[in-house]
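I opened my notebook on a structure that was new to me. Here is what I looked up, entry by entry.

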Amino acid sequence: MTPQFETVDGRSVPAVTADQMREVDRVAVEEVGLALLQMMEHAGRNLAEVAREVADGGHVVVLAGDGGNGGGGICAARHLANGGADVTLVLDRDADELTGAAARQRRILAATDANVVAAADATQTEVAAAHIRDAAVVVDALVGYGLSGALRGTAASLAEATLDAAHVVSLDVPSGMDATTGETPGVAVEPDTTLTLALPKTGLTAATAGDLVLADIGIPRGVYDELDIDYRDPFAGARRVWLRIR
Ligand SMILES: NC(=O)C1=CN([C@@H]2O[C@H](COP(=O)(O)OP(=O)(O)OC[C@H]3O[C@@H](n4cnc5c(N)ncnc54)[C@H](O)[C@@H]3O)[C@@H](O)[C@H]2O)[C@H](O)CC1
Ligand SMILES: [K+]
């Protein structure tokens, strides 16, 4: 049965599959003119605020992959560093292997004093695991709704290391979980908090998502109307709202 989502004051919020969310992104960019980096900035800012609240001055470790999810995580690392937080970015590959928006975010981050670990080999993955163990909060931005099959390689090792972390905040969905079905074909992050973007994903459950927060990334209602998604603004002027899952 598909879970039902509502705000804490009882407003129902529709859930979308990964394919529907890809369509939302496509219409937002191609037909409405929003840029991916605009939406990502709102994602990263919201994520940084949530991580900062949990960290309460402690060390924040941001795990990032090469897709849109990783780009949002790297953007959050910048906002955390700008605000004076003690932040380490852990990449699941060499920095020069990043592409697209993630590479752009990495380039901008270089102008901050954030610490960066590229977990491209076993030694660096062990360094990253030690950071994860010592962190007040770990931000999981390895993979979002673009997951394909069981989590592999360094991303899988880093996800495994988060299972002992003090507090994990996942971006959009827990990495390793299928955003549409909620299935975990291999290792998956088990977050305390999930910050999901624009609309909740159908695979999120109370058991897998932890506390669920919905972040506004600036998508106008015309995008949802175009796709016949029954959207009633859940934010009421706030940047993010807590959701209940039934
Ligand atoms: N409007 C929005 O919703 C926005 C969403 N954002 C975030 O972007 C992701 C979706 O981005 P996409 O690039 O399509 O995919 P992902 O980042 O989720 O994943 C691609 C990334 O993951 C690697 N990967 C895939 N499967 C595996 C696997 N089994 N093992 C290891 N690695 C895997 C793949 O190689 C790529 O590197 C969405 O969830 C949001 O979080 C934007 O940030 C803002 C706009
Ligand atoms: K994630």
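I started with a bridge: in strand 7, Asp 140 has Ser 170 as its bridge partner. Strands here are DSSP runs of E of at least two residues, and helices are runs of H or I of at least four, numbered from the N terminus.

A note on what I'm looking at: this is a predicted model, where local features need pLDDT of at least 70, side-chain atom pairs count only at pLDDT 80 or more, and totals for chains, interfaces and linings use all residues. Residues are numbered from 1 along each chain as its sequence is written, chains are lettered from A and ligands numbered from 1 in the order written, and side-chain values use heavy atoms, with hydrogens and water left out.

Next I followed strand 6. Three bridges join strand 6 to strand 7, and the two run parallel. Strand 3 is also parallel to strand 6, with five bridges, and there Val 61 stands opposite Val 138. I count strands as paired if DSSP finds at least two bridges between them.

Is strand 6 buried or exposed? Five of its five residues are buried, so strand 6 is largely enclosed by the rest of the structure. Val 137, Val 139 and Ala 141 lie on one side, Val 138 and Asp 140 on the other. Buried means under 20% relative accessible area, exposed over 50%, partly exposed in between (1.4 Å probe, protein chains only).

Ten strands make an open, mixed sheet in the order 2-1-10-9-8-7-6-3-4-5. Strand 2 (12-13) and strand 5 (115-118) are at the edges with a single partner strand each, so one side of each has no neighbour in the sheet.

Asp 140 came up again at the metal. Which residues coordinate the potassium ion (ligand 2)? I found Asn 69 (OD1), Asp 140 (O), Val 143 (O), Leu 171 (O), Val 173 (O) and Ser 175 (OG), at 2.7 to 3.2 Å. Donors are N, O and S atoms within 2.8 Å of the metal (3.2 Å for Na, K and Ca); water is not among the atoms, so sites may look incomplete. The six donor atoms subtend angles of 64 to 175°, which makes the arrangement irregular. Six count as octahedral if opposite donors are over 155 degrees apart and all others between 65 and 115. Val 173 counts as buried, at 0% relative accessibility, and Ser 175 is buried at 0% too.

Note on methods
Tetrahedral: all angles 85-135°; square planar, octahedral: opposite > 155°, others 65-115°.
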